[in-house]
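Trainee: I'm new to this one. Can you walk me through a pocket and some helix packing?
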Amino acid sequence: MVTAAPPLVLPDAPRRRATAVRHLGPNWYASIMGTAIVATAGAGLPDAVQVPGLRTACAAVWALALVLLALLLGARALHWIHHRDQARAHLLDPAMAPFYGCLAMALLAVGGGAMVVGRDWIGAGAAVALDTVLFTAGSAAGLAIAVAVPYLMVARHRIEPDQAGPVWLLCLVAPMVSAAQGPLLIPQLPAGQGRETLLLGCLAMFGLSLLATLVMLPLILARLIVRGPLPLAQTPALFLVLGPLGQSVTATGAFAGAAAGAVPAPYARGLDVLALLYGVPVLGFALLWLALAGALTVRARRRGMGFTMTWWAFTFPVGTCVTGAEALARRTALTALDALATGLYVLLVAAWAVAASRTGRGVVSGELLAAPRR
């Protein structure tokens, strides 16, 4: 006689942990991105505005991002193990699926931070090893997501015209983050094929992300003009447009800095010129969009916009503009760019402090981990 095996019953504590992560979506990785860029952007500020203890504080913020990344990866693993139905629902939701790009960007942001400030605490060798692992994993994930999510949008999702929004950019920006972070590893490779391959690979990812963004931006702007402002809770997502803009300026500066030891002199010089001639106009457009997004956010706040996890859109995208301005300031030695980078960093830190405190409060109360309201 064959008897059925008894159902698997989890102990109370593991069951509670599994239940707590049921509604933990990939959008939570945005908090890791926003935390990591506070550290890297702070470390790159002009010498004239460096204050005692700033680099140590940046290293501490990076360490926090590393710990949070480990915790969130574990929580998301529980989510996939115990709530696969919800995970599949996220993939089939056109409003949630693009957030899978945040996983790749979180890995890349923490890995790059290890090379910039984390090495102060863990040592140069460990920083290179950590960044190598996270850059490889983040780049692979970012490229896969840049194909998979648009495929789902075309083949599986059912999208209405008024659903177009800045969130769609999230699945396309990760290769640009790889392009900006990859040059940090170029000096660690032997001169010759290895360095040139990595640099040109970063250039290819730069082009992939930039051209895809240029295709997507007209849809986003047209939706805003024709349909009007986004719903209140989604308004902070307007800042996501700054991500590919600021990160592309950062990337061209990184290419110019790493090119001398990676490609022949004429191409290295060309990348040096590109960093300036591309960076300044694109940063100008980013500032225009920052003003527009800021004005619409103030409007939404006056109409009752409350806190949601979309507020993390105020952090990483602004941080990319900080790092882009810093790259241009180093190349031109212009005081105006130093001031711009510093002002944007103050805005970044203020936004991060608000988002982090409100997120912490929401996690403790359980409100942010509860099922979304219908």
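Predicted model: local features only at pLDDT ≥ 70, side-chain atom pairs only at ≥ 80, totals over all residues.

Trainee: How do the residues lining the second largest pocket divide into nonpolar, polar and charged?

Mentor: There are 13 nonpolar, 11 polar and four charged residues in that lining.

Trainee: And what volume does the second largest pocket have?

Mentor: About 680 Å³. It is lined by 28 residues. Closest to its centre are Val116, Leu184, Thr250, Ala254 and Arg330.

Trainee: Which helix gives the largest share of the lining?

Mentor: α11 does, with seven residues. Helices that each supply at least two lining residues include α2 (29-43), α5 (101-122) and α9 (242-259). α7 (170-181) is also one of them.

Trainee: Switching to packing. At what angle do α3 and α5 pack?

Mentor: About 140°, and their axes are 9 Å apart. Because of that angle, α3 counts as oblique to α5. The crossing of α3 past α5 is left-handed.

Trainee: What sort of residues make up the contact of α3 with α5?

Mentor: 18 nonpolar, three polar and three charged.

Trainee: Now α7 and α8. How far apart are their axes?

Mentor: 8 Å, with a packing angle of about 145°. α8 covers residues 193-227. α7 passes α8 in a left-handed crossing.

Trainee: Which residues touch there?

Mentor: From α7, Leu172, Pro175 and Met176 are among them. From α8, the contact includes Cys202, Phe206, Leu210 and Met216.

Methods
Residues numbered from 1 in each chain as written. Heavy atoms only, no water. 1 Å grid on protein atoms, 1.4 Å probe; cavity = no way out; pocket = protein on both sides within 12 Å on 5 of 7 lines; lining within 4 Å. Points joined across faces, edges and corners; volume = space filled by probe spheres on them. Helix = DSSP H or I, 4+ residues; strand = E, 2+ residues; numbered from the N terminus. Nonpolar A, V, L, I, M, F, W, Y, C, P; charged D, E, K, R; others polar. Axes fitted to C-alpha atoms, helices over the stretch in contact; angles between N-to-C directions. Parallel < 35°, antiparallel > 145°, perpendicular 65-115°, else oblique. Left-handed = near helix turned anticlockwise from the far one by under 90°. Contact = heavy atoms within 4.5 Å.
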